[in-house]
Amino acid sequence: MSNAHTVIAILGTAATVASAQINVVVPATANIFSATTGNPGPNATAAVEIAIPSGPGNQFVAVDVTGLVTALEGILPFTNADGMFINPAGQAVDTNIVPSNGLSGTFLPAGLSLVGTFLGPQRGPGLISPSSVDFGVLGVDFVTISPEIQQTFFIGDGLTGNGTGLVQLFAVPEGATSLFLGFADGSFFDGPAGAFGDNAGQLDVDVSFVPTPASAALLGLGGVFAASRRR
C-alpha cells in the first residue's frame, strides 16, 4: 500500500443529539466511484446518494450500520460494514483502488468496507481527483475526521472499534450538497474499480446529521458514548 498524502484532520470527541436522520440500504454492489457520473459499470449498482439537509447545524454525520456483505459469494465469509481484515487463509487484506471519475483513490486496511464521499453540485467528467488518504497509516479508529469533497473515506460501522467503541463523526466539508455511500472494490481489492458481480448482501444505514461535536457527558451517558445501538 502506498503512502498517500493525508489531508484529513483528527478533531476528536463525540456527538450531540442528532438533528436529522435518514435511513438507506446500501447493497454490496454499490460502486462508490459512480457517485460523480451515475454510471456504476458492469454488474454494479449506483452509489447511494443522501442529500445534506440545508440550514445551520448539520455539520457532522454519524452512522448506525447493521447487515452483512461479502465480496465473493459462496467462497468468502460475510462481514460487517468494517470489512474483512483477515482472509480465510489468515492473510491480511488491504484495499488499494486507484482514483477514478474525479474521486480520490481508496486505501484501506480491509476489504469491502463501507466507504463514503461528499460531493458538491459539480458532477460529470472533468473533475480532478483530490489527494488520497491512506487509512492503513491513519488507522480506522479515529473519532472525528474532515474529508475533502471528492475524497473517498472509510466509514465502516461508524464506531471506533469493530462493533464497539465510540461513535465516529464525519465533518461535512464546505460546499458539499450530498453524501454518497458504497464500496471500493476491484480484482483482489486492487487497481481499477470493478469486480462487483460476485458481491452479495446489503447494509442498513441510519445516517444522522448532527450540529457540533461535544462531550459524551452532554448526552447523559456517563461519559461513555457506547455502541449498543441495535446490537
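My entries on what I looked up follow.

**Ground rules.** I am working from a predicted model, where local features need pLDDT of at least 70, side-chain atom pairs count only at pLDDT 80 or more, and totals for chains, interfaces and linings use all residues. Residues are numbered from 1 along each chain as its sequence is written, and side-chain values use heavy atoms, with hydrogens and water left out.

**Core.** I started with the nonpolar cores (sets of buried Ala, Val, Leu, Ile, Met, Phe, Trp, Tyr and Cys residues joined through side-chain atoms within 4.5 Å). For burial I use relative accessible area: buried is under 20%, exposed is over 50%, and partly exposed is in between, with a 1.4 Å probe and protein chains only. The largest core has 51 residues, and those touching the most other members are Val-26, Val-61, Leu-114, Phe-135, Leu-181, Val-205 and Val-207. Strands supplying at least two residues each include strand 2 (20–27), strand 6 (60–70), strand 9 (114–119) and strand 16 (200–210). I also found a second, separate core of seven residues, with Phe-60, Leu-159, Val-167 and Leu-169 among them. Strands here are DSSP runs (E, at least two residues), numbered from the N terminus.

**Strand 9.** Which way do the side chains of strand 9 point? Leu-114, Gly-116 and Phe-118 go one way, Val-115, Thr-117 and Leu-119 go the other way, and all are buried. With six of its six residues buried, strand 9 is largely enclosed by the rest of the structure. I then looked up its partners, given that two strands pair if DSSP finds at least two bridges between them. Strand 9 runs antiparallel to strand 14, joined by six bridges, and Val-115 has Gly-182 as its bridge partner there. Strand 12 also pairs with strand 9 in the antiparallel sense, over three bridges, with Thr-152 as the partner of Thr-117.

Strand 7 (residues 95–97) and strand 8 (residues 106–108) run antiparallel, with three bridges between them; Ile-97 stands opposite Thr-106.

**Salt bridge.** How many salt bridges does the structure hold? I get one, taking a side-chain nitrogen of Lys or Arg within 4 Å of a carboxyl oxygen of Asp or Glu as the test. Arg-123 pairs with Glu-49, the closest N and O atoms being 3.7 Å apart. This links distant parts of the chain: Arg-123 is in the loop between strand 9 and strand 10, Glu-49 is in strand 5, and they are 74 residues apart. Arg-123 is partly exposed at 32% relative accessible area, and Glu-49 is also partly exposed, at 42%.

**Ser-178.** I checked this one in strand 14: Ser-178 is buried, at 4% relative accessible area. Its C-alpha atom is 8.8 Å from that of Pro-53, 125 residues apart along the chain.

Technical notes
Helices (H or I, at least four residues) and strands (E, at least two) are DSSP runs, numbered from the N terminus.
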